[in-house]
Amino acid sequence: MFYVFSAASIVIVIVFYGVSFISEDKKVQQVQRTGKVTYVGKARIGDSWELTDYNGKPYGSKNLEGKYYLIYFGFTRCPDVCPMSMYKIANTVKYLKSCSESRFFDIEVIFVSCDPDRDSLDRIKNYCNIFDANIKGVTGNSNEDPNLKAMLKNFKIHSSKIYLSEEEEKKEQEVLKGFIGDSKMSILSENDKREKTAIEAEGKGDQGRLENMNYSMDHTIVTYLFGQKNNFLTYLSSNMNADEMKQICLDEILSDLHKSIS
């Protein structure tokens, strides 16, 4: 009787584990079919960089050591995505600076113009002020500036011109005016008029800035959060709302602070 019971037990055990093995195999096949991939670590995004800020002074990663910062790449003539992103970033930083945990960290915002061919320093400054006077705007000497191109590459940012007709350009600027308002749009327009007058008065220099101005920029739309050691923490996609951005940024900053003291 004991032998029969043992044999039955063995059969049951074999059947059980056989089913388990089959189930696990099916799970593996299922994972393979769905293309599920597990990633370990973080992407290598960013590196040391230095451009020119809207006051005409060198500004780069060294200036940001010891601070957390959000960095966004765009251009001041962007009709919709950039202003929407900048409003969300400004609201996020306002929240982070007002929360009780803010006594433990400093947070900055950097706007990088990937279109210095049209974005003068004055225009960048006025553009940043539309959203928050504390946003620091930086750019290169031209769209082909080696320092700017190296930064875009290191931050995994694609940027290229898409030429438009004069009518298409006007429509894009009307959309931008709808986002930022007539009064703020007029400030940017005045920047353009002053710059054009200055170039024409010189009768030389960068005349190319007055030519082929009807274009848009195709660029990667993403906001990055960096840590106190210029270390990449996370990215914030353009489809996130302001509340999601606030919570993710605060969680990432507090997690990074905890790691630094543990």
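1. Start with the aromatic cluster. Y69, F73, F155, Y224, F226 and F232 belong to one cluster of aromatic residues. The model is predicted, and the points below should be read with that in mind.

2. F73 and F155 have ring centres 5.5 Å apart and planes at 55°, so the pair counts as tilted. The two residues come from distant parts of the chain, 82 residues apart. F73 belongs to strand β3 (residues 68–74). F155 sits in the loop between α4 (146–154) and β6 (159–163). Are these two residues buried or exposed? Both F73 and F155 are buried.

3. Now widen the view to the whole structure. The search returns 13 aromatic pairs. W49 and Y59 make one of them, with 6.5 Å between centres and 50° between planes, a tilted arrangement. This pair also links distant parts of the chain, although the separation is 10 residues. W49 lies in the loop between α1 (2–34) and β1 (50–53), while Y59 is in strand β2 (residues 58–60). W49 and Y59 are both buried.

4. Next, helix packing. Helix α2 (residues 81–98) packs with helix α7 (residues 242–261) at about 45°, and the axes are 9 Å apart. The crossing of α2 past α7 is right-handed.

5. The residues at this contact can be listed. On the α2 side they are K88, I89, N91, T92, Y95 and L96. On the α7 side they are A242, M245, K246, C249, L250 and I253. What is the make-up of the α2 contact with α7 by class? There are 8 nonpolar, 2 polar and 2 charged residues.

6. Helix α2 has another packing partner to check. With helix α3 (residues 121–131), α2 makes an angle of about 55°, and the axes lie 9 Å apart. That angle makes α2 oblique to α3. In this contact, C82, P83, M86, Y87 and A90 of α2 meet Y127, I130 and F131 of α3. By class, the contact of α2 with α3 has 8 nonpolar residues, with no polar and no charged ones.

7. K156 has a phi near 60°, which is positive in a residue other than glycine. Where is N230 found? N230 lies in the loop between β8 (222–226) and β9 (232–237).

8. Last, the chain as a whole. Its secondary structure comes to 7 helices and 9 strands. The chain has 262 residues, and 39% of them count as buried. Take the contacts between residues at least 6 apart in sequence: 78% of these join residues at least 24 apart.

Definitions and conventions. Residues numbered from 1 in each chain as written. Predicted model: local features only at pLDDT ≥ 70, side-chain atom pairs only at ≥ 80, totals over all residues. Heavy atoms only, no water. Axes fitted to C-alpha atoms, helices over the stretch in contact; angles between N-to-C directions. Helix = DSSP H or I, 4+ residues; strand = E, 2+ residues; numbered from the N terminus. Left-handed = near helix turned anticlockwise from the far one by under 90°. Contact = heavy atoms within 4.5 Å. Nonpolar A, V, L, I, M, F, W, Y, C, P; charged D, E, K, R; others polar. Parallel < 35°, antiparallel > 145°, perpendicular 65-115°, else oblique. Phe/Tyr/Trp six-rings, centres within 6.5 Å; stacked < 30°, edge-to-face > 60°. Buried < 20%, exposed > 50% of the residue type's maximum accessible area, 1.4 Å probe, protein only.
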